[in-house]
Amino acid sequence: MEKKLLTKYWHDPNHKMLDGYLKNGGYAAIKKALGMEPDAVIEEAKQSKLRGRGGAGFPAGMKWSFIPKKTDKPKYVVCNADESEPGTFKDREIIHKDPHSLIEGIAICAWAVQSHTAFIYIRGEFTEEAKMLERAIQEAYDHGYLGKGICGTAFDLELILHRGAGAYICGEETGMLESLEGKKGQPRNKPPFPASEGLFQCPTVINNVETLAVMPWIVLNGGAEYAKLGTPESTGTKLVGISGPVKRPGVYEIEMGMPLMTFINELAGGMIEGKTLGAVIPGGSSTPPLTPVQCEQAKISYESLDKLGSALGTAGIIVLPDDFSVIEAMTVIARFYADESCGQCTPCREGTGWLYKTMKRIYAGKGAAQDLQMLSHISAGMKGRTICALADAAAWPMEGFLRTFPEAFQKAVTPKQAR
Amino acid sequence: MAQETVKITINGKEVVAPKGTLIIEAAAQAGVEIPHYCYHPHLSRPAVCRMCLVDVEGQRKLQPSCSTPVQPGQVIRTDSPKVQEAVREVLEFTLINHPLDCPVCDQAGECGLQNNYQDYGLYNTKFTLPKVHKAKVQKIGPTLTLDAERCILCSRCVRFTDEITKTHEMGIMQRGDHAEIQAVKEVNNPYSTNLADICPVGALTQNDFRFKVRVWYLKHQQSICPGCARGCNIVVDHYRGEAQRMRPRNNNAVNQSWMCDDGRLLYKAIRNEDRLNAPMLRKDGKRVAVTPSVAFSEALRLLEKHAKHTATQGSASVSNEDAFALARLLKMMQAPVASSLRESPVGWEDDALLRRADRTPNRNGVSAFSGTEEFAVRLKTATLALVIQEDALPERSLYPQLAGVIYVGTHDCPTARSADVVLPMAMWAEYEGSFTNFQGRVQRFLSVVSAPEGVVPLWQLASRWSEAFGGKRYASAAEVFRAMATEHPLFAKMTFDGLGEIGLCAPSADQSKEA
């Protein structure tokens, strides 16, 4: 059922320590990579057709190949560990159970793009995880997997752990770069893209934790082998988190393309007693919800969920029971985006606040029929008009909820005596 | 050097623009105005207000024209329904938390929000929820008042203090719709008032101008700041015959879009209580007011009598035309053109931005018509002293051989108090003329308000006196300029009207040889 590439040794409590990791074959991939031409490593990554696991799904190998070969500037690798999309907790599991695979993945990436300085930007609230990574990084330094001349070669690699201060927007790659530079976390205009002008205006690769952590497997087994798994458009395996009233919530590694209901019913054990499936948010709070009928058709892949008007996103599945309050759920989501908008672009700054205030009024039972048109109007006005995707991420669930649960909204704005 | 150009189409019209030009700038050159708030030609471009979105063929999303450079063959629309809808909706977002206090807001009439909502017809708000409230009427420094609630977070002021003055007083705190502009320390830099100019709304207003005049009553005139050798290009706003405010005017070669706080207040000197408004003669040790023609004739009598025994103190504050006409008079009188210029008052140094240690506006121009002989040296033997503007002879008793002192100036001073004839002259805002700045750029200033009755500029006095010595009387500043241009290489090939809005630089010696 599960397809364990990344999670193969997660049952082993020693795996998170260097000894255990080495015993399970760890750090073989970086040694192999260091024996290859950097371009050949990029080629393996390209062949794997691995799409970035941070949510946007941009091909990782392609991203690496954009880094200029000839440049006078230093190059940087930044690992995005600012996992804060509501419903998402897969990167945290990797850090808990397999921190060295992340470090090894970073080293592979650094070698591939010939960077000597890498950063892990970790979410501020991940205090325990920061300590775990700190310890793992120290172990790697102590045993020559990081620092001067890694694995006995002439290749130097410094890895710096940087803690965020609790802003969702710093998970947006250019907001993260601003924050890493010590500025207020506000996304940058693109172009220039980070591959040409990223951290400190130098070429920079930014990859998600899961993307980097699976790289050792790809290097050891070959990109082509990885691409055989999953579907042609969504290759490989995926860590999928599931929360809500299911019997076994958690993180599971599956081959891409698994039917959503198979995942929910078999891996997650189905709904807990007395609860019926009402809706599923398939990929973190910014992805529009699916109805039970849509869930029957859905597969866990980029293309299947796109086709259903939602998205794979971070694959943080939120299961909602049929008795959940649509209005309350949407109010909570709207509040999140209103709170997390960085406030630089007008449509997002004002739109997220307007959505939340309107939802709050409806939730308080003071909504009016025209509020529903207003919610659509605000969402439409926010989309595609800002520097980063936060405005879109706030508008999509709003539009999705309105589309999926029109009766609930209608009922919420109808005066009680008229119901 | 031919600049590479790019051909693009804006709203169906073909436009040629230099490579690297931003779409918003190329459009402006083609006469297409794109609404914007955060964009400013002399600041970085964060593209955050999202008002300047345009449709670029082949791009899925609308592009911010303030940060997108033109590309060959680009087809751009600023008037498509998609763009119009986007601008209208972005404007709507901008307005939802903005207080509707236009009637009591001093920015009303020159507010970017008002102008645009009238253009886009957003008269009725759809926003029926409580607005976000922020701090109002904050005195953030000696020159400025901040109303954070009116701020639309365009960040121009933050960028100005970060990039231009590098004093970093302004910052945006918090995030989302609670993001709030704040002064993190007292805003007290020499260029602070520019913040009020660049603020597109009524968030930052200038203490000196707040609630003085409703801006729609103001009339505007192009001028040059007389505060230092930079010669910042300015606009003087006036109302009922009085100057009310000075604002910088764009001239990339001189002051970009800025001016300093000291310069900005110089209009006050026009109505200063020390201002000399009427001619005076000294009779029995007392000064008595006389008519302009009496004072003029008395001065002329002295000039004719002492002629070549006159010592003259010139001024670097008068116009080129003034200095030229005075030099011509002195030559006719066979008096030495001894108008050595006084040193500028100390206390100011050149700074990295605009201000020059030389606080006179026209040393470069006046020097062209000045002799070498020191006034102080000449005074020892002269029998008549002609002092222009400067307080150069505060102690007349040191020179007992002086039979007469004529003072021509704008404000009272010890020299004026000991003079036999005091002739007030018009100030820079009261006549038209030109200054030559420290770069050698000849810049024109126009008459803003009228001078006190009977008060004329120096060139008129000098030209009328010179009639008595067989000279021609000039009818206008343009005519003086014409004569000056034929006689002096610094003004060769220039005409007064040809100076236009941003002035002209004299061709360097080498270039004139080539020509």
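# Chains A and B of a predicted model

Tyr76(A) stands opposite Thr204(A) in β4(A). The model is predicted: local features need pLDDT of at least 70 and side-chain atom pairs count only at pLDDT 80 or more, while totals for chains, interfaces and linings use all residues. Residues are numbered from 1 along each chain as its sequence is written, and chains are lettered from A and ligands numbered from 1 in the order in which they are written.

**Strand β4 of chain A**

Helices (H or I, at least four residues) and strands (E, at least two) are DSSP runs, numbered from the N terminus. Strand β1 (residues 76-81) of chain A pairs with β4(A) in the parallel sense over five bridges; pairing requires that DSSP finds at least two bridges between the strands. Five of the five residues of β4(A), residues 204-208, are buried, so this strand is largely enclosed by the rest of the structure. Buried means that 20 or more other C-beta atoms lie within 10 Å of a residue's own, exposed means 12 or fewer, and partly exposed is in between, with C-beta atoms placed from the backbone. Thr204(A), Ile206(A) and Asn208(A) point one way from the strand, Val205(A) and Asn207(A) point the other way, and all are buried.

**Chain A overall**

Chain A has 19 helices and eight strands. Its radius of gyration is 22 Å, close to the 22 Å that the globule rule gives for 419 residues, so chain A is as compact as a globular protein of that length. The radius is taken over C-alpha atoms, and the rule is 2.2 Å times the number of residues to the power 0.38. Along its principal axes the C-alpha trace of chain A spans about 80 × 45 × 35 Å. Of the 419 residues of chain A, 55% count as buried.

**Two helices**

The expected span below is 1.5 Å times one less than the number of residues in the helix.

| Helix | Residues | First to last C-alpha | Expected span |
|---|---|---|---|
| α15(A) | 15 residues | 21 Å | 21 Å |

In α15(A), eleven of the 15 residues are buried, and the helix is mostly covered. Among the buried ones are Val326(A), Met330(A), Phe336(A) and Glu340(A). The buried residues of α15(A) pack against β8 (316-321), α16, α18 (390-404) and α19 (406-412) of chain A.

In α2(B), the buried residues include Val87(B), Leu91(B), Phe93(B) and Ile96(B). The buried residues of this helix pack against α16 and α17 of chain A, together with β3 (53-56) and α3 (112-120) of chain B.

**Where the chains touch**

25 residues of chain A are in contact with 24 residues of chain B; contact means that the C-beta atoms of two residues, placed from the backbone, lie within 7 Å. On the side of chain A that touches chain B, α15 (326-340), α16 (346-363) and α17 (369-382) each supply at least two residues. The largest share, eleven residues, comes from α16(A). This side of chain A divides into seven nonpolar, twelve polar and six charged residues. Ala, Val, Leu, Ile, Met, Phe, Trp, Tyr, Cys and Pro count as nonpolar, Asp, Glu, Lys and Arg as charged, and the others, Gly among them, as polar.

**Domains of chain B**

Chain B is assigned domain 1 (5-94), domain 2 (99-211) and domain 3 (280-513), with bounds from an automatic or database domain assignment. The C-alpha centres of domain 1 and domain 2 of chain B lie 24 Å apart. 14 residues of domain 1 of chain B are in contact with 15 residues of domain 2 of chain B. The side of domain 1 that touches domain 2 has nine nonpolar, three polar and two charged residues.
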